[in-house]
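The sequence and coordinates come first.

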Amino acid sequence: MEWNFADAVTRQDVIDDAVTSIETLALSFFALFGDPAGNMADIAARQLVSLKPLEYAMATLGREAAEAVGRSYLMRHPQLTASFSQALIEFQQGASLPTALGHMARDLATLAFIHDLDLTGQD
């Protein structure tokens, strides 16, 4: 988007266009962040295969929400539980954290370890 305010004759039309664009594009985008809990419900309903929902929950809703998202993910993907648990144990015993993403169970264990999240529900 580009607006040229230099021409006095068209300036008001340009301003009106800029205001309309900001109201319809930018403000509607920022409104998405006004309801983090509602956003999490939408994300959970879509069952995205990503760690972003856990990170979003941690950043906007806190530890309990992040743990709930992580537990829900592991419940939906039980085939990852053993690998997740093994990776978490390795991190707790001093293993180096991965420097690249790509293995979902290990990536989830990394987030759990870094943020001290209980994703097993076994406090």
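The model is predicted. In it, F30 has a relative accessibility of 54% and counts as exposed, because the threshold for that class is over 50%. F30 is located in helix 1, which covers residues 11-31.

F30 is also one of the members of a nonpolar surface patch, together with I22, L27 and F33. The area of this patch is about 420 Å².

In soluble globular proteins, nonpolar side chains tend to be buried together. Here the largest nonpolar core has 21 residues, and the members that touch the most others are L54, F84, L108 and L119. At least two residues of this core come from each of helix 3 (52-60), helix 4 (63-76), helix 5 (81-92) and helix 6 (104-115). The most is given by helix 6, with five residues.

The surroundings of L108 can be listed in detail. Leaving aside residues up to four places away in sequence, L108 touches L51, L54, G70, Y73, L74, F84 and L119.

## Salt-bridge network around R71

Three salt bridges are found in the whole structure. E67, R71 and D118 are linked in a network of such bridges. The E67 and R71 side chains meet at 3.9 Å, N to O. These two residues are four apart in helix 4, so about one helical turn separates them.

R71 also meets D118 in a salt bridge, at 3.4 Å, N to O. This second pair links distant parts of the chain, since R71 is in helix 4 and D118 is in the segment after helix 6, 47 residues apart.

E67 is buried, as its relative accessible area is 11% and the limit for burial is under 20%. D118, with 13%, is buried too. R71 has 27% relative accessibility and therefore counts as partly exposed.

E90 and R106 form a salt bridge in which the closest N and O atoms are 3.3 Å apart. E90 belongs to helix 5 and R106 to helix 6, so this pair ties together parts that are 16 residues apart in sequence.

Are these two residues buried, or partly exposed? E90 is partly exposed, with a relative accessible area of 27%. R106 also counts as partly exposed, at 24% relative accessibility.

How values were computed
Residues numbered from 1 in each chain as written. Predicted model: local features only at pLDDT ≥ 70, side-chain atom pairs only at ≥ 80, totals over all residues. Heavy atoms only, no water. Patch = residues over 30% accessible without salt bridge, like charges linked within 9 Å, V, L, I, M, F, W, Y side chains within 5 Å. Areas by Shrake-Rupley, 256 points an atom, 1.4 Å probe, with all protein chains shown as cover. Salt bridge = Lys/Arg side-chain N within 4 Å of Asp/Glu carboxyl O. Buried < 20%, exposed > 50% of the residue type's maximum accessible area, 1.4 Å probe, protein only. Core = buried A, V, L, I, M, F, W, Y, C linked by side-chain atoms within 4.5 Å. Contact = heavy atoms within 4.5 Å.
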